[in-house]
Amino acid sequence: MVSQTGTHSDASLRHLALVIAAAAAALCFSGRSAPAAEAAAPQADTREAKKAFGAIKAPAGQMPPQAIGEYSRGCVAGAGKLPMNGDGWQVMRLSRNRYWGHPVLLAYIRKLASDAKKLDGWSGLLVGDMAQPIGGPLLGGHASHENGLDVDLWYSPAPGHAMDATEREQFGALNVVDAATLTASKTAWSEAQAKLLKRAASYPEVARIFVHPAVKKALCEWAGEDRAWLQKVRPWFKHDDHFHVRLNCPPGNTACVAQAAAAADDGCGKELDDWFKRLRAKPRAPTKPSVPPKPMLVSELPAQCQALLASTEHAWKATTFSSK
C-alpha cells in the first residue's frame, strides 16, 4: 500500500501540528499550572488503544480534516458528525457514537442517499457504523473504521417515519443471505438492493465495497453487460446484513495510507470460487489452544494519532480544570 502526496496537505499537517501544540499549551492558562502528570516528559502510551479512543466523546476544537494512517490502524482529525436524520438517511445505533467521519465521507453519504432515493426509488439509507469522534480502534465489532473513510450501510430500507432513539437501537438489520445454501435469500434479497450497491459503487471516490460472497455472486449474475462497477465490490467475511463502503484517501491527505488496488477483473471468477470453497470447507480441529490476540496499544498507532489523542484528552481536561 502506498500513501498519496501533495503540498497542500503538507501545509494542513503543519497546521494540525500547530493546533495540537496549542491544545497542549492551553493546559496552562490564567496563571494556573497544569496537573503534574500532564507536565511530565512524554512516555510511550501503553494503554489499550480501543479503550483510549473509545472514551473520546467528541473532537476538541476545529482542525483541518486529515485521514491519518491505515483504515485498520489510524485516526481522523477534523471529523464531522453526520446528522441523525437527513434527506434519505437515518443513523442507527446512536449509543455507539460512531457517526463521525472525514468530510468526504459525509458528502458521499449525502450524495448516495439523495441519488438512491431520486433515481432508484430507495426509501432511505440506514447508516450503521462510521468512525469514532477522532477515529482510532473501536471497542468492538470492527478491525477497521479507524481513519474516517469507512461506513456500514444496511440492506434494510428505511421505514416511512423518523425512528426515535429506542427504535434505532432495537431495529434489526435485514440479513439477505441464506446461511444453509450460501445464496442470496429468496425472501430478503431483491433487485432493489442490487441497484443500491451498483449506485454505491458508481462514484469515483469509492475504493472498495465489501459484501458477503453470496451477495457478490448474486450481483455477478444480475449485472448484465455493464460490469465495470463490479471491480470495486469484493467478498469478505460476514457482511450478510450490511455492506461496507471504503473511500479512497482524499487528495492532499498525505498521512493517509491508500487501500491496495483491487484486481483488474470483475471478481466473479476464481476469487469468488475460492471464497465459497473456504466457506464450505469443514473446520479443522485446532492443534493448539487458541491464544487471543494482544490488544493494540496507543504507542503502536501512527505518531500523528498519538498526538491527536493526547491533544484531545488534554483539551477536555483543560476545560474541566478551568471550570473548577
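Guide: A disulfide is a pair of cysteine sulfur atoms within 2.5 Å. The model under discussion is predicted, and a search of the whole structure finds three such links.

One of them joins Cys 220 to Cys 268, with an S to S distance of 2.0 Å. The torsion about this S-S bond is about -85 degrees, so the disulfide is left-handed. Cys 220 belongs to helix H7 (residues 213-222), while Cys 268 sits in the loop between strand E13 (242-247) and helix H8 (270-280); the pair therefore ties together parts that are 48 residues apart in sequence. The two ends can also be described by burial: Cys 220 has a relative accessibility of 11% and counts as buried, whereas Cys 268, at 22%, is partly exposed.

Another disulfide connects Cys 75 and Cys 305, S to S 2.2 Å. Because the torsion about its S-S bond is about -95 degrees, this disulfide is left-handed. Cys 75 lies in strand E2 (residues 73-77) and Cys 305 in helix H9 (residues 303-322), so parts that are 230 residues apart in sequence are tied together. Cys 75 is buried, with a relative accessible area of 0%, and Cys 305 is buried with a value of 0%.

There is also the link between Cys 249 and Cys 256, with S to S 2.1 Å. It is left-handed, with -75 degrees about the S-S bond, and both Cys 249 and Cys 256 are buried.

As for the pairing, numbering the bonded cysteines of the protein chain in sequence order gives 1-6, 2-5, 3-4.

Definitions and conventions:
Residues are numbered from 1 along each chain as its sequence is written. This is a predicted model: local features need pLDDT of at least 70, side-chain atom pairs count only at pLDDT 80 or more; totals for chains, interfaces and linings use all residues. Side-chain values use heavy atoms; hydrogens and water are left out. Helices (H or I, at least four residues) and strands (E, at least two) are DSSP runs, numbered from the N terminus. Buried means under 20% relative accessible area, exposed over 50%, partly exposed in between (1.4 Å probe, protein chains only).
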